[in-house]
Amino acid sequence: MQFNDDAQLDTSQVQDARGGGGFGGLGGRGGLAAGGGGLGLVGLIVVVLFNVLGGGGGDGSTGSLPGGLSSLGQGSNPSSVDNSDLASECKTGADANQRSDCAIVADIDSIQAFWTSELPELGKRYTKSPTVFFTGQVSTGCGAADSGVGPFYCPADKKVYIDLQFFDELKTQFGATGGPFVNAYVLAHEYGHHVQDLLGISGKIDRGTGANSDSVRLELQADCLAGVWANHATTVPAANGRPFIENLTQSDINAALDTAGRIGDDWIQSHLGSGGVDQSKFTHGSSAQRQKWFGTGYKGGDPAGCDTFAASSLG
């Protein structure tokens with residue numbers, strides 16, 4: 001994936017709290033209150049391992065983790081946000097081609113520009129959601145969280161949260177190919193949750209677990225919506241009219257599919273759990289399903305094709 005050198009970046013869509021320390025005193029891994037929608041990567045490992053080993057409340061959320069972490073930091077915000085470095089260093093697509101954090105800014109700008117244009121076609125106005133960059137730990141409207149939960153969307157404050165070191169963990173812990181478009185896929189999935197929130201979908205589901213559960217259908221739909229954005233990625237314009245992304249190759253798509261194949265419930269349970277697969281604990285869908293629904297969105301390019309709740313078979 002190559003960014004257009006002349007594309008104008010907007011760093012105001014990011015809140016850079018990497019130096020702020022987040023929520024003081026939070027220890028351990030995990031700790032996100034129930035309600036935050038995530039890609040299901042590192043955070044899902046914690047939930048799956050806990051459930052597979054016999055614990056957990058069975059609702060598939062990190063709110064069921066031991067230690068009472070879900071009660072921490074309710075309604076809080078990152079303690080310190082400083083966008084000065086991003087604002088000075090991330091001005092154009094050329095910067096995005098040189099700096100990984102600028103590339104993330106460009107991804108966010110592109111994804112939100114697309115949904116700003118597309119969501120009115122579905123009868124809703126798109127409201128932009130900032131992405132919070134944090135290091136280690138952070139306070140959110142959904143409770144206190146640390147890097148262990150992975151990237152997530154919090155519907156309570158309508159923000160996306162990510163520790164950028166996660167992208168390295170995706171390669172080292174999961175063996176994923178990685179790369180700029182994989183990072184964009186991760187973000188596009190989280191913004192898929194924001195779209196679901198704006199459409200009123202996420203507030204109506206049953207948060208249970210299982211292969212055909214609403215939780216799985218919600219996550220697969222977010223994968224599909226990420227694919228829809230990817231279909232249009234090279235045509236989404238910046239404020240100066242130049243597309244954010246100059247080209248997207250089949251290798252980029254293959255890298256995203258490779259990642260989707262490594263974050264399915266079955267892959268995580270079999271590789272990072274007891275070695276068996278328990279579909280009753282599924283919260284995000286199998287590897288094959290996640291690949292299928294990202295591909296459905298990418299090939300069709302139409303959110304109407306992402307109605308996983310109406311699908312008789314999730315694939």
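Mentor: Contact here means heavy atoms within 4.5 Å. Helices are DSSP runs of H or I with at least four residues, strands are runs of E with at least two, and both are numbered from the N terminus. The model is predicted, so local features need pLDDT of at least 70 and side-chain atom pairs count only at pLDDT 80 or more, whereas totals for chains, interfaces and linings use all residues. Residues are numbered from 1 along each chain as its sequence is written, and side-chain values use heavy atoms, with hydrogens and water left out.

Two packed helices are described by the angle and the distance between their axes. The axes of helix 8 (residues 250–262) and helix 10 (residues 287–300) come within 7 Å and cross at roughly 145 degrees. These axes are lines fitted to C-alpha atoms over the stretch in contact, and the angle runs from 0 to 180 degrees between N-to-C directions. The crossing is right-handed, a term used when the near helix is turned clockwise from the far one by less than a right angle, left-handed being the anticlockwise case.

Cysteine 306 is joined to cysteine 224, S to S 2.1 Å, and the link is left-handed, with -75 degrees about the S-S bond. Because cysteine 224 lies in helix 7 (residues 214–232) and cysteine 306 in the segment after helix 10, the pair ties together parts 82 residues apart in sequence. Cysteine 224 counts as buried at 0% relative accessibility, and cysteine 306 does so at 1%. Buried means under 20% relative accessible area, exposed over 50%, and partly exposed in between (1.4 Å probe, protein chains only).

By this rule the count comes to three disulfides. Another of them links cysteine 90 and cysteine 102, with sulfur atoms 2.0 Å apart. Cysteine 90 is in the loop between helix 2 (84–89) and helix 3 (93–96) and cysteine 102 is in helix 4 (residues 100–118), so this pair ties together parts 12 residues apart in sequence. Cysteine 142 and cysteine 154 are also joined, S to S 2.2 Å, in a right-handed link with 100 degrees about the S-S bond. Numbered in sequence order, the bonded cysteines pair as 1-2, 3-4, 5-6.

Finally, the wider setting. The chain has 10 helices and nine strands, and buried residues make up 55% of its 315 residues. Among contacts in the chain with a separation of 6 or more, residues 24 or more positions apart account for 76%.

Technical notes
Disulfide = S-S within 2.5 Å.
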